[in-house]
Amino acid sequence: IIDEVHMLTREAFNALLKTLEEPPAHAVFILATTDAHKLPDTIVSRTQRYSFRPVAKKAVVEHLAAIAKQEKIKISPDALELLAEHGEGSFRDSISLLDQASSYGQQVELEGVQQLLGIPPQEGLQQLLAQLSGTQGVAALVGSLNALYDQGYQPAAIAKQLGQLIRSQLVAGKSSLPSEKALGLLAELLEVPASRDPERLLEIVWCENRVQTR
């Protein structure tokens, strides 16, 4: 089993190719990767490709709960849900997060997991969203964002959680913004994590939408 096979050098791929062309009868090679597009065509053409889907969130929660019970880790159900959500369908990543969370004390609660993952508090997110359709100006919006920055929350995490909040309100039919405006804002928030200056871009995105909804 060769994990993260896309990290092999060109020379290593060339050496592996000779073996794949004439594989020994007693061996099966399993190449695992999350970036299949980085593999040379000469390698891909000599393999059978299987794409695995992320594990269902419910299954991850149940698995984490079983591990927590076995390891005598006291953790609340909502904390398990959040760990499973951020594991993004990966047992390995979810278990790693559970291991980190277990160091927070005898009882792991949602707030502790939120701190571990760098997730801004819901109150702060709700305040930001309310300001978009409120009467406060741009200075108040920037001030609210800076308050979250000062608490150590990263702009990418803030943008992601704001996007999830807006989406959940849209799905529930309880959006405080017009649907078209909310969808446009969701698309803009997706650009924040990849920006060269996420803090400034988040401020610009948020303030522009505040000005436009006045």
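Author: Let us begin with one residue of this predicted model. Arg 46 is partly exposed, its relative accessible area being 39%.

Reader: Which residue forms a salt bridge with Arg 46?

Author: The general idea is that side chains of opposite charge can pair when their charged atoms come close. Here, Arg 46 pairs with Glu 21, and the closest N and O atoms lie 3.3 Å apart. The two are 25 residues apart: Arg 46 is in the loop between α2 (41-44) and α3 (57-70), whereas Glu 21 belongs to helix α1. Glu 21 is likewise partly exposed, at 43% relative accessibility.

Reader: How many salt bridges does the structure hold?

Author: There are 9 salt bridges. One of them joins Asp 3 to Arg 92, with 3.8 Å between the closest N and O atoms. This pair links distant parts of the chain, since Asp 3 precedes α1 (10-21) and Arg 92 lies in helix α5 (residues 91-101), 89 residues apart. Asp 3 is partly exposed at 44%, while Arg 92 is exposed at 56%, because exposed means over 50% relative accessible area.

Reader: Which residues are linked with Asp 3 in a network of salt bridges?

Author: Arg 92 and Asp 93 are linked with Asp 3 in such a network.

Reader: Where does the partner of Lys 57 lie?

Author: Lys 57 forms a salt bridge with Glu 85, the closest N and O atoms being 3.9 Å apart. Lys 57 is in helix α3 and Glu 85 in helix α4 (residues 77-86), so the bridge ties together parts 28 residues apart in sequence. Both residues are partly exposed: Lys 57 at 38% and Glu 85 at 34%.

Key. Residues are numbered from 1 along each chain as its sequence is written. This is a predicted model: local features need pLDDT of at least 70, side-chain atom pairs count only at pLDDT 80 or more; totals for chains, interfaces and linings use all residues. Side-chain values use heavy atoms; hydrogens and water are left out. A salt bridge is a side-chain nitrogen of Lys or Arg within 4 Å of a carboxyl oxygen of Asp or Glu. Helices (H or I, at least four residues) and strands (E, at least two) are DSSP runs, numbered from the N terminus. Buried means under 20% relative accessible area, exposed over 50%, partly exposed in between (1.4 Å probe, protein chains only).
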